[in-house]
Amino acid sequence: MESGKVSDAESQERLHALADEEQANRRELGDLLNRSESLFKEASRNSQIDPAGMKEFMKGISMLKPIPDGPMKMAQKQFRDSASESRSEQESRKDLNDGENSHSEATQALKDTMNQLSKSAQDMEASTFVARLRQAASKEDSIAHALAGQINTIAGMTMEELDPSTRREMETIATLQNASTQDIGWILEDLSYYKSRTGERIYSDLYNQMNAFSLRDKLDLVHGNILNAITARSIDESRLYASTLRHWAKLIDDYKKSRRGGGGGGGGGGGSQSSISDAEFEFMLKLIRMIQQEQDIRMRTRAAEQEHRKKFTPPAP
């Protein structure tokens, strides 16, 4: 509209369309806020999520709240005013310029908020890896403790030589070990997706380290040893792998703390908040939706597997 009149019929139609789009954007952002707050309430019930990450996530939500009824509403009004027949050409031009400025202000605020939410979401997900690795370590400790309680009873005996009640207890411990091995597989699967999304070297290195260590294969051997009443070795290996899992959890935890202390982001791209282009901003929104759909599918699959596991897992000794 730079060369033409703002007050002609075609321009007024375009300005009304701009105002309608801004109104639709406000409505969509309001829906996003409601979904974000619901997500926050759900996440607050998850004991694996770091409270510091939750606080940062809430900060991002609070950054969103003023936008729809602030610069976006102002842009909507200014676009609408610029199309008003009661306005002079000069007044319409000023309203249009003001509307563009308000829209730019809203867009920049959204970009800044996206940076905040993206960082806090990554931090929270990293915290769940720490909690899950430590939880897996605790399970291995529990298995070692349960085996230690049986060692005097079964020393020097094969599974066939055990009395039925002791054999059932050993089979129960083996089932718990198998479930722990499956949990490790899920952690590795999630870490594979996470390292690809963040691009941070710490997670790629850790994923490669975990794969090279072949923990799932080693835990499968422990499972077999338990079923063969090779108890002392199983105890030592369960304790060793519990220590290894805690070491991996500490690597992530130390990295998170150092990054938070340094005040900067990780190795995934850097740059200031204002450096995100409109195209990158749109891509991030689409990517977040894809990640949510992917995670929903994985979580539904695991929920079904866990229900199946409960049906066939005897109570712990």
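What I would start with is a cluster, in which ring pairs link F129, Y194, Y203 and Y255. Please keep in mind that this is a predicted model, where local features need pLDDT of at least 70, side-chain atom pairs count only at pLDDT 80 or more, and totals for chains, interfaces and linings use all residues. Residues are numbered from 1 along each chain as its sequence is written, and side-chain values use heavy atoms, with hydrogens and water left out.

By pairing I mean that rings of Phe, Tyr and Trp (its six-membered ring) have centres within 6.5 Å, with planes under 30 degrees apart called stacked, over 60 edge-to-face and the rest tilted. By this rule there are five aromatic pairs. In one of them, the centres of Y203 and Y255 are 6.0 Å apart and the planes stand at 90°, so this pair is edge-to-face. It connects distant parts of the chain, since Y203 belongs to helix 8 (residues 201-213) and Y255 to helix 10 (residues 231-262), 52 residues apart, where helices are DSSP runs of H or I with at least four residues, numbered from the N terminus. Y203 has a relative accessible area of 0% and is therefore buried, a word I use for under 20%, with exposed over 50% and partly exposed in between (1.4 Å probe, protein chains only).

F213 is partly exposed at 24%, while Y241, at 6%, is buried.

Key. Helix = DSSP H or I, 4+ residues; strand = E, 2+ residues; numbered from the N terminus.
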